[in-house]
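Here is a short briefing for a first look. Keep the sequence and the 3D view open while you read.

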Amino acid sequence: METVETLDRSAPLILSLVLLLQLIATSFEILKKRSSSSDEIQLRQQIKQLLKEASSLSTPSTFAQAAKLRRAAAAKEKELTKCRECLNEKKSSYDLYLRVLSVVKVLAYLVLSWSFWGIPVAAIPHQLVQPFGKMLSWGARDPASSHIMVGIVPWLVLTTRVSKHLCLKLANRLSCL
């Protein structure tokens with residue numbers, strides 16, 4: 001009876017933990033991509049516009065005005081360089097967070113594997129997984145029942161794949177907004 005209660009609670013808990021870790025990783029990836037801000041794009045457009053205006057002023061009477069526009073473009077380029085340095089610092093901090101999160105994921109997977117090794121995480125009717133039953137019951141076999149007992153390793157693989165797919169769909173939806 002105790003195994004059935006553990007079986008009922010462990011699968012959704014593991015799925016929610018894996019999904020939470022994947023959501024955090026995906027949010028860091030989205031923030032890293034969005035860190036190339038609109039300020040940088042706007043600065044590039046302003047520089048291009050200033051240089052275009054300066055090149056159109058080629059007569060001797062407008063030389064001073066063209067030089068002033070070129071100096072303004074040079075100042076904007078310096079500002080763009082500072083902006084890029086700031087963005088690189090942000091991106092490197094996101095890289096650090098992603099590395100730490102990867103270590104946390106590995107540790108969580110190891111702890112889950114160690115905790116549930118040999119204990120079934122989920123039970124699936126034999127007819128649903130006819131050719132793959134032995135592969136799913138890796139480390140958690142129960143020949144007495146008509147259900148295939150799913151072990152922790154296949155469950156972690158399955159939940160990781162599902163959570164990555166869900167997070168990619170969510171990221172695509174958010175990028176369209």
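**The largest pocket and its surroundings**

Six nonpolar, four polar and four charged residues make up the lining of the largest pocket. Here Ala, Val, Leu, Ile, Met, Phe, Trp, Tyr, Cys and Pro count as nonpolar, Asp, Glu, Lys and Arg as charged, and the others, Gly among them, as polar. The model is predicted: local features need pLDDT of at least 70, side-chain atom pairs count only at pLDDT 80 or more, and totals for chains, interfaces and linings use all residues. Residues are numbered from 1 along each chain as its sequence is written, and side-chain values use heavy atoms, with hydrogens and water left out.

**Pocket**

- The largest pocket holds about 270 Å³ of space.
- Of its 14 lining residues, Thr 26, Glu 29, Ile 30, Lys 33 and Ala 171 are the closest to the centre.
- Helix 1 (2–34) and helix 5 (152–176) are the elements that each give two or more residues to this lining.
- Helix 5 supplies the largest share, seven residues.
- A pocket is an open set of points on a 1 Å grid over the protein atoms alone, where a 1.4 Å probe fits, with protein on both sides within 12 Å along at least five of seven lines; lining residues have an atom within 4 Å of a point.
- Grid points are joined across faces, edges and corners, and the volume is the space filled by probe spheres set on the points.
- Helices (H or I, at least four residues) and strands (E, at least two) are DSSP runs, numbered from the N terminus.

**Ser 163**

- Ser 163 sits in helix 5.
- Ser 163 is buried, at a relative accessible area of 0%.
- Buried means under 20% relative accessible area, exposed over 50%, and partly exposed in between (1.4 Å probe, protein chains only).
- Leaving aside residues up to four places away in sequence, Ser 163 touches Val 18, Leu 19 and Gln 22.
- Such a contact means heavy atoms within 4.5 Å.

**Cysteines**

- The count of disulfides is zero, a disulfide being a pair of cysteine sulfur atoms within 2.5 Å.
- Cys 83 is in no disulfide, and its nearest cysteine sulfur belongs to Cys 86.
- The two sulfurs are 6.7 Å apart, so they are too far for a bond.
- Cys 83 counts as buried at 16% relative accessibility, whereas Cys 86 is partly exposed at 40%.

**Strand 1**

- Pro 125 belongs to strand 1 (residues 122–125).
- Pro 125 is partly exposed, with a relative accessible area of 31%.
- Pro 125 and Met 149 are 24 residues apart in sequence, and their C-alpha atoms are 8.8 Å apart in space.
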